[in-house]
Amino acid sequence: MLLSVGIPVYNAAPFLQRCLSSILSQIDDRVEVICVDDGSTDGSLEILEKMSRRNDRLHVILASHGGVSRARNLILQCAQGTYMAWVDADDFVTEDWYSSLFPLLEQGMDLIFFEHDRRGNGVSRRMQYQGSSGILDKQRFLYDLVLDVKVRSYLWDKVCRRSLFQGISFPTDVLLMEDYARLHEICYRARSIYYLARPLYVYLERTGSLSHTVDFSRYFNAVHIAKARYEWLSERHVDVPRAGYLKHSLFFVTAAVKENADKVWQKEVEECRGEIQRHILYILRSGDITVKDKVKYALAAMHALKTIYSLKAMMKF
């Protein structure tokens with residue numbers, strides 16, 4: 001088996017048939033598609049079973065609701081492909097996804113990173129890393145992965161040799177950023193990384209999705225996940241930027257102040273503010289941080305964000 005495609009499914013009925021059809025319509029017998037139904041209650045399982053009866057390349061695993069990490073771990077336990085790809089159940093792949101990846105899989109690349117389109121509110125944006133395809137410098141790629149601007153920690157815009165997941169499991173104690181928590185370890189193991197300057201995936205931005213919902217416990221958890229990634233790579237003498245995890249501290253403080261939640265989350269806000277204060281010289285000198293964000297960091301360090309947002313609110317009246 002050349003390629004395994006993993007799809008965690010939880011209440012994705014409105015999008016699921018399009019997602020699966022986009023994959024099944026183009027793959028051959030060297031590809032398997034593994035879906036874990038994570039206790040869906042909206043008819044997703046019925047769609048999966050119906051489509052699996054029509055296509056023996058589609059395998060369905062039933063599970064009680066345990067979260068996306070457990071679903072990913074179940075998929076990894078069952079996968080047989082030399083390579084592993086991931087697709088979110090509410091997204092879909094382009095019609096040339098497999099034909100574009102196949103030559104690179106045959107060449108034996110460890111990791112393939114490709115462009116994608118983001119669609120939402122009637123707008124489509126192409127997300128690019130660089131202008132042309134080619135082998136990437138691993139050190140630079142890891143640096144940009146941690147910086148989290150040009151390279152984001154998504155699984156679905158990367159195809160990896162399945163052996164890179166050996167001994168790695170996704171954390172079951174987090175509701176979001178399970179990919180962020182492990183992708184750096186997977187990429188660190190890769191010997192060859194290829195960038196394919198072609199959009200092969202369509203990511204649908206939905207305001208009601210989990211990633212667009214205000215949840216301060218998830219925001220604060222992201223601070224620690226990002227810092228752990230920085231420390232893990234630094235311990236292995238990989239030069240990566242502190243800016244990549246410090247921005248999560250800034251985001252948490254800013255969100256708490258804007259939503260007037262800084263009193264409820266006072267301990268966590270002070271922890272994040274302290275992290276910013278300890279690294280303020282690095283922040284002000286860093287070429288990886290915009291001037292606009294440096295101003296925000298400075299305001300957060302000086303406890304001045306509350307005043308600024310209060311003044312902005314008053315100016316609206």
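The structure is a prediction, so local features are reported at pLDDT of at least 70 and side-chain atom pairs only at pLDDT 80 or more, while totals for chains, interfaces and linings use all residues. Residues are numbered from 1 along each chain as its sequence is written, and side-chain values use heavy atoms, with hydrogens and water left out.

Aromatic rings make a friendly starting point. Two rings of Phe, Tyr or Trp (for Trp, the six-membered ring) are called a pair when their centres lie within 6.5 Å; the pair is stacked if the planes are under 30 degrees apart, edge-to-face if over 60, and tilted otherwise. The structure holds 20 such aromatic pairs. One of them joins Trp156 and Tyr203, which are stacked, with 5.2 Å from centre to centre and 15 degrees between the planes. This pair links distant parts of the chain, 47 residues apart: Trp156 is in the loop between helix 5 (138-147) and strand 9 (158-161), and Tyr203 is in strand 10 (residues 193-204). Helices (H or I, at least four residues) and strands (E, at least two) are DSSP runs, numbered from the N terminus. Both Trp156 and Tyr203 are buried, where buried means under 20% relative accessible area, exposed means over 50%, and partly exposed lies in between (1.4 Å probe, protein chains only). Elsewhere, Phe216, Tyr219, Phe220, Phe251, Phe252 and Trp265 form one aromatic cluster.

Contact here means heavy atoms within 4.5 Å. His116 is itself buried, at a relative accessible area of 5%.

Charges can also meet rings. A charge sits over a ring if NZ of Lys or CZ of Arg is within 6 Å of the ring centre and within 35 degrees of the ring normal. Arg242 places its charged end over the ring of Tyr282, 4.2 Å from the centre, and Arg72 lies over the face of Phe170, at 5.9 Å from the ring centre.

Arg72 also takes part in a salt bridge, with Glu178, at 2.9 Å from N to O. This link again spans distant parts of the chain, as Glu178 is in the loop between strand 9 and helix 6 (180-189) and Arg72 is in helix 3 (residues 68-78), 106 residues apart. A salt bridge requires a side-chain nitrogen of Lys or Arg within 4 Å of a carboxyl oxygen of Asp or Glu, and by this rule the count comes to 19. Glu178 is buried, with a relative accessible area of 6%, and Arg72 is buried too, at 4%. Together with Asp88, Arg72 and Glu178 are linked in a network of salt bridges.

Arg191 and Asp110 meet at 3.3 Å, N to O; Arg191 is exposed at 72% relative accessibility, whereas Asp110 is buried at 2%. Asp148 and Arg152 form another salt bridge, their closest N and O atoms being 3.1 Å apart. Here Asp148 is buried at 5%, and Arg152 is partly exposed at 34%.

Asp148 follows helix 5 and has a positive phi, near 65 degrees. Helix 5 is mostly covered, as seven of its ten residues are buried; among them are Phe141, Tyr143 and Asp144. The cover includes strand 6, strand 9, helix 6, strand 10, helix 7 (216-235) and helix 8 (243-258). At the start of helix 5, a side-chain oxygen of Asp137 reaches to within 3.3 Å of the backbone nitrogen of Gln139. Such a polar contact is a pair of N or O atoms within 3.5 Å; within protein, one must be able to donate a hydrogen and the other to accept it, and residues adjacent in sequence count only if both atoms are side-chain atoms.

A polar atom of the Glu32 side chain does lie 2.7 Å from the backbone nitrogen of Gln80.
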